[in-house]
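Welcome to this short tour of a protein model.

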Amino acid sequence: MVDSARRVPASWRRVVWLAGFTAILTACSERIVYPTGFNSVPPPRQSAGSLTLSVAYVVNPRFEQFTPAQIDMMLAALKASAKANLGAEIDFTPVQNFFIDDFFNAIPPNHYRWRDKWSTYDFKNGKGDRARLAESYVGSLRGQTTAARDWAEFAGREIGLITIDTDPEKWKERLTDAHLERLSHLARVRALDGQLAIDATPRNEFLYWGTIGERQPGFDITFTNQLVASAEYSSPDIHSALRGGLTLGSTDYSRYGKLKSQFWWSTFAFTSNDPIIVNMRGDEKYTPQEAATFAGALAAHELGHMLFQYGHPFNRSACIMSPVPMLRFREAVAALDATKCAVANDPAMKRGAIAVKMPAGLN
């Protein structure tokens with residue numbers, strides 16, 4: 001399970017001891033079944049020719065939606081970016097459209113309950129454990145696949161740090177501060193209906209989207225217009241913290257998919273013109289064509305996780321696998337250069353640099 005490349009969190013590994021006692025009763029008398037372990041998912045085997053991927057588009061009617069023409073543009077941009085930046089030839093099956101609740105209703109609710117019980121930082125109700133969140137950043141920082149100086153310089157620019165250091169104890173506080181402060185700003189973002197974009201439902205929760213690997217049938221790629229912004233104790237990512245927990249996409253296992261891995265990608269940050277989002281984009285508003293093209297080109301980042309299990313070569317802006325700085329999509333696309341990326345020879349760009357894990361004992 002990875003957000004872009006999240007490791008299996010210690011809080012989830014601790015539940016493995018429940019293998020002989022996998023059920024508890026909550027206050028609502030709901031039975032929660034926990035994993036008995038986690039199995040590694042190897043990178044998909046690469047065969048000659050084009051790889052055809054199945055695609056879903058999951059819509060929340062409260063947010064801006066891509067038109068069919070924009071979806072076509074996004075897929076064309078993803079195909080071109082995959083070839084240019086990853087050397088991957090891909091094609092797509094016809095897109096299947098879903099309303100968000102219909103899509104998630106096909107997933108047994110237990111798959112969210114156990115994640116929520118053990119890893120959600122409950123910022124909506126003010127019940128998060130800040131110290132625990134900060135400690136989760138220590139493990140995340142020490143588990144990076146690129147040099148510490150690179151992620152520190154990347155993050156330091158986004159918080160205005162003048163003197164760069166790589167001390168995890170200092171960075172856990174900086175990242176926690178940035179995450180929670182900026183998440184409080186995102187909690188004020190408005191939807192098209194004028195109401196708060198983040199509501200009482202779990203639709204914005206990263207862990208909620210972590211359940212789609214259990215959907216049957218599964219899709220190789222799930223695009224959505226949903227805002228995903230939250231906090232959890234599951235090895236949070238540096239770049240997501242800098243955005244206040246806003247996640248553009250994530251690669252994870254797929255229990256029923258042909259590749260045994262899949263990714264989702266949100267278009268919300270490319271289309272929303274809420275002032276908070278526009279500011280994070282560098283005070284830019286995009287045309288419909290730009291939004292679709294940027295979204296598709298940068299979705300190849302998740303494809304790199306899914307097909308090759310590449311990591312994050314922070315501070316290598318020429319590499320598609322380097323996270324987008326804040327939400328400055330035009331800047332990120334303009335910097336892409338596969339030749340320069342190859343010359344850098346970053347260890348994060350090695351096949352299998354990250355691990356994708358599938359929970360066991362749930363079915």
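Does Ile100 count as buried or exposed? Ile100 counts as buried, because its relative accessibility is 3% and buried means under 20%. Keep in mind as you read that this is a predicted model.

- You can find Ile100 in helix 3, which covers residues 100-104.
- Setting aside residues up to four places away in sequence, Ile100 touches Val58, Val59, Asn60, Arg203, Trp209 and Gln226.
- Gln309 is another residue to look up, and its place is in the loop between helix 12 and helix 13 (329-335).
- Gln309 counts as buried because its relative accessibility is 4%, with the limit for buried being under 20%.

**The chain as a whole**

- The secondary structure consists of 14 helices and 11 strands.
- How does the radius of gyration fit a compact globule? For 363 residues, such a globule would have a value near 21 Å, and the 19 Å of this chain agrees with that.
- Along the principal axes, the C-alpha atoms fill a box of roughly 55 × 50 × 45 Å.
- Of the 363 residues, 57% count as buried.
- Among contacts in the chain with a separation of 6 or more, 77% are between residues 24 or more positions apart.
- The accessible surface comes to about 14,500 Å², and carbon and sulfur atoms account for 53% of that surface.

**Backbone details to look for**

- Here is some background: most residues other than glycine have a negative phi, and most peptide bonds are trans.
- Which two residues does a cis peptide bond join? The bond joins Gln216 and Pro217, with omega at about 5°.
- Pro217 sits in the loop between helix 8 (206-209) and strand 8 (221-224).
- Asp283 is not a glycine, although its phi is positive, at about 60°.
- The loop that holds Asp283 runs between helix 11 (275-280) and helix 12 (288-308).
- Asp283 counts as exposed because its relative accessibility is 57%, and exposed means over 50%.
- Asn345 is also a residue other than glycine with a positive phi, near 50°.
- Look for Asn345 in the loop between helix 14 (338-344) and strand 11 (356-360).
- With a relative accessible area of 52%, Asn345 is exposed.

**The largest pocket**

- The largest pocket holds about 300 Å³ of space.
- This pocket is lined by 14 residues, and the closest to its centre are Tyr112, Asp116, Thr120, Asp122 and Asn125.
- Which helix gives the most to the lining of the largest pocket? Helix 4 (residues 110-119) does, with four residues.
- By type, the lining of the largest pocket is made up of six charged, four polar and four nonpolar residues.

Notes: Residues numbered from 1 in each chain as written. Predicted model: local features only at pLDDT ≥ 70, side-chain atom pairs only at ≥ 80, totals over all residues. Heavy atoms only, no water. 1 Å grid on protein atoms, 1.4 Å probe; cavity = no way out; pocket = protein on both sides within 12 Å on 5 of 7 lines; lining within 4 Å. Points joined across faces, edges and corners; volume = space filled by probe spheres on them. Helix = DSSP H or I, 4+ residues; strand = E, 2+ residues; numbered from the N terminus. Nonpolar A, V, L, I, M, F, W, Y, C, P; charged D, E, K, R; others polar. Rg over C-alpha atoms; globule rule 2.2 N^0.38 Å. Buried < 20%, exposed > 50% of the residue type's maximum accessible area, 1.4 Å probe, protein only. Contact = heavy atoms within 4.5 Å. Areas by Shrake-Rupley, 256 points an atom, 1.4 Å probe, with all protein chains shown as cover.
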